[in-house]
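Dear colleague,

Please find below the structure that I am handing over to you. My notes on what was found in it follow directly after.

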Amino acid sequence: MRVTAQNPVVTDVWFFQPRTLAKANYANSGGREQTWTPWWACYLAPAATAAGLRTHLIDARTDPAWQQQVARLGPGDVLAVTTMTGAALRDALAASQMARAAGSYVVWGGPHATLFPTQCLAESPANAVVPGFGHAGFALLMRRLTGTAEPVTAGPAAALGPRILTEGGDPVPLQASRTARPASGALVAADDPLPSLGLIRCWENYVNPDVAIADRTVNYVTSEGCLRRCTFCSEPQTSGHAWYVRPVTAAVDTIAEMVNLCGATGIKLHDPNFFHDLDRAGEFGRRLAQTVGVPWAASLHPADLQAMTDEQLHAAAAAGLCRVLVGLETPVPELIKLSNKRYDPAGIPAMARRLTAAGIRGMFTFIVGWPGADPGHYQQTIDCAFAIRDLDPRHQCKIHFLEPWPGTPISTLLQRHGYGPMPTTLAGWADVDYYQAQIAGLHDPAYTQIVRDANRALSPYVDA
């Protein structure tokens, strides 16, 4: 399908959220997979609306008839698909194949499409790929498809793009080896419109019972990207080593509206590194307490936790912070260096005690199976996790197996040392699962079941 400004035929955009198939690892206290609002779609929907298009959501996680929905699409439709490395790629491919065969225009974005834009375009049914944070590129693509394109004006987020990769002529050229990247280490003030809450027809689908937050917990994202450079994480690559920050006042106002829509009693922030700016985090907590007044949870880098004063920590708790996700990764100093996590693992017990003293629960995550590590690191990690639980049984821990997450220095290191097989195709990336110890020769098979049993004891509702 080729759309030109002289012959605009597109009328509707359908945002497609694939299933993540993660119930075994991320079940809620109700026994079903945690299902969070597809904020990527809510943030992109205003760009489609501005181009005169109607917007709809197909969420395969909540709609068992999603295939029938996709099958009804035709030449007047755009299917916009988010791509995450792992099992979600299977639904992304299946939905895209159906829509493309029916004459719909298919566009891919999201983390995996950002890491591998040319491979996604070559090996998927997508007509176009929009890498990076996406709003500028997606907005321009929608205007091009409807014949309403205007010159791109520079704004605070201009460094992020827009860049679009399409077959049959690039509206905005993208070199084959590049993604949409701002200057390394940049803090970027987001200038995209407020998310479209009206895209969600049934908010109850995205309300989760969470034992550590509230019985009616919903999620939100106030910022994207990360300024850290952990060697095992693809976030620095997908964000171009940038931190894309939305205004605190607008975020809190949106949360307040969402809470009114669904009767939520708790908020879980899915920012990759919410506490990177402690002053911003403090402002958010104060505004949320004054405006909404519900408990909330967020991510917290261990170095940021170690840098926080007791006064700051207790102030956050007073503002409603009830749980933090802390990626410790390992208690072994040599492996901290390999991971580039940059904190002192000797302070792990103190971190757990300080959280307890502030009345904040911790979810501490670890990784085992580091290349070249002493075999004893498996047991050291398990012992550290249980020691945290012994300090406070309200704290939770999870242990993951190292996997070659695409675009990471660790993935390159594993390939250089002959670990494998590594995925080389789009379909192959669908098999990545960091709960399953899949890399031949890397993981100690004697610990596979031991780690899974430990996870069941360390964190409720995990069936890893």
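**Helix packing**

In this contact, Asp 310, Leu 313, His 314 and Ala 317 of H11 meet Arg 354, Leu 355, Ala 357 and Ala 358 of H13. By class, the residues that join H11 to H13 comprise five nonpolar, one polar and two charged. Please note that the model is a predicted one, and that the remarks in this message should be read accordingly.

Two packed helices are described by the angle between their axes and the distance between the axes. For H11 and H13, the axes come within 9 Å and cross at roughly 50 degrees. H11 is therefore oblique to H13, and the crossing of the pair is right-handed.

H13, which spans residues 348–358, also packs against H14, residues 377–391: their axes come within 10 Å and cross at roughly 30 degrees. An angle under 35 degrees counts as roughly parallel, so H13 is roughly parallel to H14. The crossing of H13 and H14 is right-handed. On the H13 side the contact is made by Ile 348, Pro 349, Ala 352 and Arg 353, and on the H14 side by Cys 384, Ile 388 and Leu 391. Six of the residues in the contact of H13 with H14 are nonpolar, none is polar and one is charged.

H14 has a further contact, with helix H17 (residues 448–458); the axes of H14 and H17 come within 11 Å and cross at roughly 10 degrees. H14 is therefore roughly parallel to H17. From H14 the contact takes in Ile 382, Ala 385, Phe 386 and Arg 389, and from H17 it takes in Ile 450, Val 451, Ala 454, Ala 457 and Leu 458. The contact of H14 with H17 divides into eight nonpolar residues, no polar residues and one charged residue.

With a relative accessible area of 45%, Ala 315 is partly exposed. Ala 315 and Gly 285 are 30 residues apart in sequence, and their C-alpha atoms are 8.6 Å apart in space.

**Positive phi angles**

His 241 has a positive phi, near 60 degrees, and is not a glycine. His 241 sits in the loop between helix H7 (235–238) and strand S10 (243–245). Its relative accessibility is 14%, so His 241 counts as buried.

Glu 329 likewise is not a glycine, and its phi is positive at about 70 degrees. Glu 329 belongs to strand S13, residues 321–329. Is Glu 329 buried or exposed? At 5% relative accessibility, Glu 329 counts as buried, since the limit for that class is under 20%. Setting aside residues up to four places away in sequence, Glu 329 touches Phe 232, Lys 341, Thr 365, Phe 366, Ile 367 and Trp 370.

**Cysteines and Ser 234**

How many disulfides does the structure hold? The structure holds zero disulfides. Cys 233, for instance, is in no disulfide, and the nearest cysteine sulfur, that of Cys 230, is 6.3 Å away. A disulfide requires the two sulfur atoms to be within 2.5 Å. Cys 233 has a relative accessibility of 27% and thus counts as partly exposed. Cys 262, by contrast, is buried, with a relative accessible area of 7%.

Ser 234 is located in the loop between strand S9 (223–225) and H7. Ser 234 is buried, its relative accessible area being 10%. Which residues does Ser 234 contact, leaving aside its neighbours within four places in sequence? Ser 234 is in contact with Leu 115, Trp 405, Pro 406 and Thr 408. Ser 234 and His 112 are 122 residues apart in sequence, with a C-alpha to C-alpha separation of 9.4 Å in space.

With kind regards

Definitions and conventions
Residues are numbered from 1 along each chain as its sequence is written. This is a predicted model: local features need pLDDT of at least 70, side-chain atom pairs count only at pLDDT 80 or more; totals for chains, interfaces and linings use all residues. Side-chain values use heavy atoms; hydrogens and water are left out. Axes are lines fitted to C-alpha atoms, for helices over the stretch in contact, and angles run from 0 to 180 degrees between N-to-C directions. Helices (H or I, at least four residues) and strands (E, at least two) are DSSP runs, numbered from the N terminus. Angles under 35 degrees count as roughly parallel, over 145 as roughly antiparallel, 65 to 115 as roughly perpendicular and the rest as oblique. A crossing is left-handed if the near helix is turned anticlockwise from the far one by less than a right angle, and right-handed if clockwise. Contact means heavy atoms within 4.5 Å. Ala, Val, Leu, Ile, Met, Phe, Trp, Tyr, Cys and Pro count as nonpolar, Asp, Glu, Lys and Arg as charged, and the others, Gly among them, as polar. Buried means under 20% relative accessible area, exposed over 50%, partly exposed in between (1.4 Å probe, protein chains only).
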